[in-house]
Amino acid sequence: MTVSTPWSLTPAEVAEQLQTNLRDGLDQRESAARLERNGRNQLREAAAKNRWQLFLMQFLDVMVGLLVVAALISVVIGEWIDALLIAIIVVVNAGIGFVQEWRAEEAIQALQKMSQPHTRVRRNGELCDIPAQDVVVGDVIELRSGDIVPVDARVLSAADVEVDESALTGESLAVTKAVASVNASSDLGDRTSMLFSGTAVIRGHASAIVTATGMQTELGHIAELLGTTESRQTPLQQQLVRLGRVLAATVICVAVVVFILGVEREPRENWTRHLFSEMLLTSVSLAVAAIPEGLPAIISVTLALGSGRMAQRHAIIRKLTAVETLGAVNVICSDKTGTLTQNVMTVNEVHSVDASDEGRKRLLQAGVLCNDAELTASGDVLGGATEAAIVKRARDEGMDIAQWKADHPRVDEIPFSSERKRMATLNRTPEGVHRLLVKGASDRVLPLCTNDSPEQREAWSRRADELARSGSRVLALAQRTGMDGQLNGDAEAAEVGLTCLGLVGIVDPIRPEAKEAVRRCREAGIRPIMITGDHPGTAESIARELELLQEGDRVVRGSELDQMSDEELFEQLDQIAVFARVTPQHKIRIVRAHQQADRTVAMTGDGVNDAPALKQADIGVAMGINGTDVSRQAASMILADDNFATIVAAVEEGRVIYNNIRKFVVYLLTANFSEVLVLIGALLLGMPIPLLPVHILWINLVTDGLPALALGFEPAEANVMRKPPRPRNESILTGERLRGIIVVGLLMAAVCLVLFAVELRSNVAGNVTYEERLSHARTLVFCVLSLSQLFYVLAVRSFETSVFRMGFWSNYRLFGAIVAGSCLQILVVTVPWFSQLFRVSSLGVADVLLLMGLSLIPFAAVELGKLRYAVRGH
C-alpha cells in the first residue's frame, strides 16, 4: 500500500488512499496485519553469517595457513602422526575462534536490541509508545523537538517545526515544515509537507501520517545504493593489530634464524632432506606459536561481553571505543535533573498574585494550558517531568483539565528552547479573546513582566530566589491579553508587556545513591562537575547536599561564563564545581577547556542542542528515559536509568575491562617470548632442539586459548576505584609491563634450558642411550614450559595483589581452564597412545615432583615481586 507523490496531496487525500483515520489512526488489528504483510520498519542489513560460515572463515587466517604448511611438510617427510596432530590442532583452534566470534556477535546483537528507538503513534485514538520498527504505513505519529523521524510521513499538523535534513540531503540549514501541499515535481529538499526517515526534528512538534517504512523510504533507497559497511576496529584493537604485525615480522625473522642455525650446526655431509624438512617444520611451528594470533578475537569478545555486563548495570554502550575510553575518564560533567536527582518532579509551592483559591486556580490553569504534557484516559501523564508535575498537581486538586483545554484551545505557540528557557502559547478564551501565556525559568520570564511595577517584579524575584535557595526549581507564569490570532514565531514581538500570574516551586529530591557515587568519583581521582540550566541557588543547594561543592569551589552562571575569555576559563577551571544557567553552547566550551587541560571528559546530555557537546566529549552520555533520539544518536553510551551512579559504575567496568585486556596481553606475550627463547637459546648453546614442532603447537593450544579468554572474566580488583585514571594515550604495554614480560620470559626459558642441559648429561655412564636421554629431557621441558605458563596465569590476575589474598575461586573460569589444561598435559605424558603421538617418554614420581617444582618457579617469583610492591606501599 503506497501513495504516489504524497507531498502534492492534501492530508485527507493521503488518508483516504492509505485507508486510515486522521484523528484516531489505525486500530491494533489492522496495524498488526500491515506489519505482517509489509515487514518491520528497518533498513535491510547484510545477511548475518551463519554458524557454518563463521566456522569456515576461521580457516582463512594467516596462522592457519602456516599450520597447513607445517602439516604438508610433515606429510612430505613421512611424519604422518605429526600431520594428523597438526590437523587436529587446526580444527580445535578454529573451534575456539568460532566460539569466541559467535559469542561476540550475540553480545553485540543483544546490545543493539537494547538501544532501539521508540515512537509515539495513535492507535484506536490512544497515544502509544511503541518500538520504531513496529510503525506501519497509515499510522499517525506524533513528533517533537529532539526526535529522529523513523519513517517517511506526510505532515498533518506543524507548530513551528524545523527539521535537520543534512543526513539525507547534505543541506546544513534547517528546513521549515508545513501542512500545505507542494508541487508533485518538487525536488527532495523542497518537499516541505514531508518528513523523511533519519532526519531530526530540532524545533517544534508535529503530527504526520506514515507513507513509507523501511527500505521504501528515501533513506532506504540510498541504503539500497550504498549497500552495507564493515564495522571498524576500536583504537585498542588497531594498536594490537599493529603490535601483532611487528611481532609477526620479528618472529618470521627469528624463525629464519632458527632454520639457518639448525642447519648450519650440522656437518654438510649430514644435510639431508629430512634435516631440512624437520628444521623448516620447527621454524614454522615456532612462528605459529610465537605470534598471538588469537589476541584480536579475544579482545573483541572481552569488549563485547564487558559491554553486556555494563548493560546489566543500565549503561548501554553504542560504540566499543567507549569501553576503552571509560577507564581513562577523569572529569564527569553531569546534568542535575534526573541524573543527580530522582526526576520525580512534585509541585510543592504555588504562589499566585492574590493568594486566593481563585488566584491559585488561575495560576494552575495557565500552567496546564501552556504545557505540552498530556493527561491520558487512564489518568497517567505523558510528557516532560517538569510539565507533568504541574498537570499532576492540577489533577490532584480535582480540576477539570480536559474541560479547560476544550474551553481554551491552543491557536499558536512558540515552543520551549534551551536558549530561551521558556515557552509561549496563544489560547482562545470562551469569550473569543486571544490570551498569550508564558511559562519558564523565573529569571527569564519576570524581566518581561513590564506591565507590573518595578517593585512588584523585584518582590517576585526575591521570592523566586528564596525558593531556589531552598532547593526548588522555580517557574514563573505570565500572561498578555488582547493579542492577534497568530504569533508567527516572533517571540520578541509577542512576549512584551506581560503580567505575572505567580510562581510555581518544584522539588526534585537527590537520588539516594548519588552522594556515594560522588564520593567514589573523588576516591577514584575523577572530578564530578554539575552543569545545569537551573537557577544558581537551586544548583548550589543540591551540590552542597551531594557534597559535590567543597571548600574553595565556586558556582558560575552562564552569564559570567560569557564574560570570560577562554584563557580565563582555563585558569579558573579547577575552582568551578557547578555551572548554572548554562546553554548547550556553554557545555561545548566547558568540555573543550577540560580537554585543553589534557583531561578525558564524560558529558551527559538529553536535548537536541546537547548533541554537539556529546560529540565533542570523549564519552558522550545520553539519557535513556528523558533523552531525545538526537542526543542518543550522538552519544557513545546511553543511561537506561538516567542515573549518575550508573556513569560511575560504567567507569569502574571500563577500568576492569582495560585492566583485563592488559593482563592477557602480558600473559600471551610472556608465554610466547619464553618459547622463542627456549629454541633460540638451545641452538646458540649448541644443544639439540628441546621442543618438537608438535610440542610447540600443543603448548600454544593449551595455554593461549581458554586461560587467556578466562582472564577476560577477571572481577574488579578491590582497589580499582581507589587509583587515579590511566593517562588516555598510555600504551597497553607500559615500560613496567614490558620489563615484566622480558624478565619472566627469560626466567621460564632459563629454567627449561638448565633442565634440558642437566638431563642430557645425566646417566651418561649408565645404559641409557643418547636418544632416550634426549626424549626424556624433551618431555620434561615440554611439561615444565606448558605447566609454568598455566601456573603463571594465576599470578597475572593482578600485578600488585597476591593471588592468595584474592582467592583462587574468585575467577572460577580461570581456575577451571588451568585444571583442564593441566589434566590434558598429564594425559599426553601418561596415556601410552598419546605418548606415542607426541613422542614423549614416561615419567616417574621423582620426575613429576621435579617438574611441578620447576613449573612453580615463575609463579613464585612474580608473587614474591608483589610482596616487594606491598612493602613499598604500591
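Analyst: From helix H25, Tyr-667, Leu-668, Asn-672, Glu-675 and Leu-679 meet Ile-696, Ile-699, Asn-700, Thr-703 and Asp-704 of H26, contact meaning heavy atoms within 4.5 Å. Sorted by class, that contact of H25 with H26 has five nonpolar, three polar and two charged residues. Here Ala, Val, Leu, Ile, Met, Phe, Trp, Tyr, Cys and Pro count as nonpolar, Asp, Glu, Lys and Arg as charged, and the others, Gly among them, as polar.

Bear in mind that this is a predicted model: local features need pLDDT of at least 70, side-chain atom pairs count only at pLDDT 80 or more, and totals for chains, interfaces and linings use all residues. Residues are numbered from 1 along each chain as its sequence is written, and side-chain values use heavy atoms, with hydrogens and water left out.

Now the arrangement. H25 covers residues 644–684 and H26 residues 693–704; helices are DSSP runs (H or I, at least four residues), numbered from the N terminus. They pack at an angle of about 165°, with their axes 11 Å apart. The axes are lines fitted to C-alpha atoms over the stretch in contact, and angles run from 0 to 180 degrees between N-to-C directions. That makes H25 roughly antiparallel to H26, a label for angles over 145 degrees. The crossing of H25 and H26 is right-handed: the near helix is turned clockwise from the far one by less than a right angle.

Technical notes
Helix = DSSP H or I, 4+ residues; strand = E, 2+ residues; numbered from the N terminus. Parallel < 35°, antiparallel > 145°, perpendicular 65-115°, else oblique.
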